[in-house]
Amino acid sequence: MSIGQNIPHDSSRGHVTGGSVFIDDRGFTQKEVLVLPVGVPAAAGNLKKIDIESALKAPGVLAAFTAKDLHHNMWGTIIPEQPILVDQKIGYYDEPAVILVGTSMDALLRAKPLVKFEIEKAPAILTIDEAIQKKNFIYKANAFVCGAVDEALQKAPHRLSGAFECGGQEHFYMESQACIAYPLEDGQMEIHSSSQHPSETQHVVAEALGLQLHEVVCIVKRMGGGFGGKESQAAPFAAMAALVAQKMQRPARLCLSKDDDMMMTGKRHPFKNFYEIGFDNDGRILGLKAQLYADGGAYADLSSSILDRAMFHIDSAYYLPNAHIEGYVCRTNIHSNTAFRGFGGPQGSMTIESIIEDMAKHLNMDALKIREINCYGKEKNNVTHYGQKLDHNPLPDLFARLKSDADYVKRREEIEKFNASQTGKIRGLSMTATKFGIAFTARFLNQGNALVNVHKDGTVQVSTGATEMGQGVNTKIQQIVAHAFGIPAPDVKVMATSTEKNHNTSPTAASSGSDINGSAALKGSVEIKKRLAWLYQNILAETPMNDIAECPHLDESKLRLEDFDFNNRQVKHLPSGKSIEWQDLVKRAYLNRMSLGEYAHFKTEGLGFDKARSMGTPFNYFTNGVAVSEVQIDTWTGEYKVLRTDILMDLGRPLNPGIDRGQVTGAFVQGMGWVTSEKLFYNKDGKLLSHSPTTYKIPNIQDTPRIFNVDFIENHENRQNVHRSKAVGEPPFLLGISVWTALKDALKYKGTAIPNIKSPATPEELLMELARYE
């Protein structure tokens, strides 16, 4: 049995010993060259001229290319409006405009300052407020409307209004954007890329070079982290490397430094959300009206879908009987923002969680009571503001159990006493939730395929469209296939993702990599099992066969697959009790010329969302969880500590509890970083200043909770997914919000006004807020 076991990550040994091969670990080939993109020193305006003459004369520099060298310069996952290299109009500071080619990175870095730009500068829009004022929008969403919100607000005993702001976030993957392009015979191109979306990389490279799709292959062995940052934005860098490879007929390697990566690539979208909420004396939400504004940056990228998901998740875990939610994507002159773990969900959920903290201060109540009274129910109040019903909803049970397990009531009493003691420190406690919809909101992306090959010795190779970025998707697929055939997990190898084996694949994103690709791999495995069971059935019946005779056509009406148990490298016929060795049966199938390979295609059923009405079923199911965090703030310095966090999640039947636990803890810490320390700083010209580990603070080990408890509930009800499991990649990220709301809870003890802090709540942000109370 492989399913549900803590099988080690398939690359764990390689990561520890240094044997795992990433893009820049690949050996240099003969005549290989290095590629360095050079960005423009302005955030807006027109690029009039590029002077590369001095750079070309520098030692070690071989060539330079610009937009004019590309066959096709525009790309974009949804709207193809973004240039691979700036041609005329400048979108953001440090946007790539030139690519230098050389024999060493030292030579290219010395030549980089010699590239000169003649720019006609224009005023830049650098904030959401400026974009709103100038009505500079990339996208306006159809409003989500349910009930009669204006009437509900007018009749509500209590109303609050305001604006919630949260900042962006750098992906900070350990491996920066990286790719190598190998020119092949007949004009073909092979790309090895650190990409979450090999098919899009293939497509962008082909268009940029004037090739057809069958002339380009993209291969992804693994990534050193992705978090959404390599879903779309790996593609243009692959196109740059491929351009060099095509023009020079030499392998071309492009691996960005951390500084260049941070300056040139998009981040999580900052949001500014305006709201008005009505509620009764018990804290029951009666109506919510909200306008969400996302900073899309210079180009569309995936911003429209990210905004849509923020609108889907503005309810968090709470029933909204009357709502009117609007959304806009602002166009600004910063790097084009893109996918990031949670994909807009955190920015939506955090809005209502912040509002609930404000309601609690207004009513002088514990915010948990407000969350409990508004939590989606099991039999009623279980339909979202977009019309999807919550089946088998565990949220009330999650709140109740964690409240008990974490001693919430007792700790709240202790915090009241501690804060009354006037020690110069204050503590806060808050419980928040995640109800994360699993599926791509673009319906056509909910499909995947797999190729399963059983070899004569009984071992198996599996190829899918999933890409491994450290999250363990390969290990889960390995377990699914091993379980299907009843063989040990090490007998299954998940191969590098390649567009020649798995075509037209969806990105590994939306927490659906294991769901879609694992289901396809299982589907292919089952088809092979049917053939092997049929063969064994005929062997037992002593049907005349020999090692060179071809078996008759498989008649599934005469086969009961449930009569055969594939386990422990054996296949057992349950009615007769007879068994045959797995390897022996595989060999017999080969000798009888039966196919031991299978291609399978899977699509998620039951999805349907009407964008015109903003109603329907956009998600296959929901992954749920709750977290309670306790924090302490030094009122003299604004410094904070996370004293304790308890997490309780519903992950269905986990495929690999150990890997899932790692995803939960990692996602929480990354979410905590977003809402506390990870602040992006730009100068007045729009240049990113926090573009290295010295100026951008991700959480370190000392920032993690001093006490950190993670547990899962038992849930066998999720029949929509492979082996009743649930996706885990993104949902726990939203639980990091509990640290921010706990900080906000602590501030309530210092004054009579509702705390007004932005995210991230850096020590400086907290100190400025504390100063208001003096």
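**Cysteines and strands in a predicted model**

The structure holds 0 disulfides, a disulfide being a pair of cysteine sulfur atoms within 2.5 Å. Cys166 is in no such pair, and the nearest cysteine sulfur, in Cys330, sits 13 Å away. For Cys179, the closest cysteine sulfur is that of Cys255, at 7.0 Å, which is too far for a bond. A disulfide, after all, is a covalent bond between the sulfur atoms of two cysteines. Cys166 is buried, with a relative accessible area of 3%, and Cys179 is buried too, at 1%. (Buried means under 20% relative accessible area, exposed over 50%, and partly exposed in between, with a 1.4 Å probe and protein chains only.)

This is a predicted model, where local features need pLDDT of at least 70, side-chain atom pairs count only at pLDDT 80 or more, and totals for chains, interfaces and linings use all residues. Residues are numbered from 1 along each chain as its sequence is written, and side-chain values use heavy atoms, with hydrogens and water left out.

On to the strands, which are DSSP runs of E with at least two residues, numbered from the N terminus; two of them pair if DSSP finds at least two bridges between them. An open sheet of 3 strands runs in the order β6-β2-β8, with antiparallel pairing. Its edge strands, β6 (89-90) and β8 (116-121), each pair on one side only. Strand β2 (residues 45-51) pairs with β8 over 6 antiparallel bridges, and Ile50 stands opposite Phe117 in β8.

Strand β7 (residues 96-102) has 7 of its 7 residues buried, so it is largely enclosed by the rest of the structure. Strand β1 (residues 33-39) joins β7 through 6 antiparallel bridges, with Val101 in β7 as the bridge partner of Val35. Strand β3 (residues 61-65) is also antiparallel to β7, linked by 4 bridges, and Val61 stands opposite Gly102 in β7.
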